[in-house]
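User: I would like to learn how to read the features of a protein model, one feature at a time. Could you give me the general idea first and then show me the case at hand?

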Amino acid sequence: DGFFIILYVDDVVLFSYSLDYMLYFINVLETFNQINGLTVNMDDTKLMAIKAIKGSSGDYFALLLRMA
């Protein structure tokens with residue numbers, strides 16, 4: 001609804017139309033990583049707030065995570 005995810009090799013990209021959704025799915029991802037022994041490379045992790053283009057539904061957030 002307000003969130004989607006892209007997975008590619010060792011990269012995870014989270015997109016959300018709400019910072020609350022983003023924070024919720026970061027917590028979900030953290031739990032998943034703990035259960036499966038995965039870590040996030042924080043040096044390569046970026047959070048972007050992206051302004052909406054004319055005619056779109058609003059601003060959104062993107063988080064690029066590099067798994068280690």
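User: Which two side chains meet in a salt bridge at 2.3 Å, N to O?

Analyst: A salt bridge is a side-chain nitrogen of Lys or Arg within 4 Å of a carboxyl oxygen of Asp or Glu. In this predicted model, the side chains of Asp11 and Arg66 meet in such a bridge, at 2.3 Å from N to O. Asp11 lies in strand S2 and Arg66 in strand S4, so the pair ties together parts that are 55 residues apart in sequence. Before we go on, note that residues are numbered from 1 along each chain as its sequence is written, and that side-chain values use heavy atoms, with hydrogens and water left out. Because the model is predicted, local features need pLDDT of at least 70 and side-chain atom pairs count only at pLDDT 80 or more, while totals for chains, interfaces and linings use all residues.

User: Is Asp11 buried or exposed, and which residues does Asp11 touch, not counting those up to four places away in sequence?

Analyst: Buried means under 20% relative accessible area, exposed means over 50%, and partly exposed is in between, with a 1.4 Å probe and protein chains only. Asp11 has a relative accessible area of 17%, which means that Asp11 is buried. For touching, the word contact means heavy atoms within 4.5 Å. Leaving out residues up to four places away in sequence, Asp11 touches Ile6, Leu64, Leu65 and Arg66. The side chains of Asp11 and Arg66 also make a polar contact at 2.3 Å, a term for a pair of N or O atoms within 3.5 Å, where within protein one must be able to donate a hydrogen and the other to accept it, and where residues adjacent in sequence count only if both atoms are side-chain atoms.

User: How many salt bridges does the structure hold, and which residues do they join into one network?

Analyst: The structure holds three salt bridges. One of them is between Asp10 and Arg66, with the closest N and O atoms 3.9 Å apart. This pair links distant parts of the chain, since Asp10 is in the loop between S1 and S2, Arg66 is in strand S4 (residues 60-67), and the two are 56 residues apart. Arg66 also meets Asp44 in a salt bridge between their side chains, at 4.0 Å from N to O. Here Arg66 in strand S4 is linked to Asp44 in strand S3 (residues 40-50), 22 residues apart. Salt bridges that share partners join Asp10, Asp11, Asp44 and Arg66 into one network. As for accessibility, Asp10 counts as partly exposed at 33%, Asp44 is likewise partly exposed at 33%, and Arg66 is partly exposed with a relative accessible area of 29%.

User: What pattern does the chain follow when read along the sequence?

Analyst: Helices (H or I, at least four residues) and strands (E, at least two) are DSSP runs, numbered from the N terminus. The chain has one helix and four strands, and along the sequence they follow the pattern β-β-α-β-β. Two strands pair if DSSP finds at least two bridges between them. Strand S1 (residues 3-8) pairs with S2 in the antiparallel sense over six bridges, and within this pairing Ile5 stands opposite Leu14 in S2.

User: How many residues lie between S1 and S2 in their hairpin, and is Val9 buried or exposed?

Analyst: The hairpin of S1 and S2 has two residues between the strands. Val9 lies in the loop between S1 and S2, and its phi is near 50°, a positive value in a residue other than glycine. At 76% relative accessibility, Val9 counts as exposed.

User: Which residues form a nonpolar patch on the surface?

Analyst: Patches are made of residues with over 30% relative accessible area and no salt bridge, where like charges are joined within 9 Å and nonpolar side chains (Val, Leu, Ile, Met, Phe, Trp, Tyr) within 5 Å. Accessible areas come from the Shrake-Rupley method with a 1.4 Å probe, and for residues only the protein chains shown count as cover. Phe4, Ile6 and Tyr17 form a nonpolar patch, with about 290 Å² of accessible area together. Tyr17 is in the loop between S2 and helix H1 (19-36), and is partly exposed at 44% relative accessible area.
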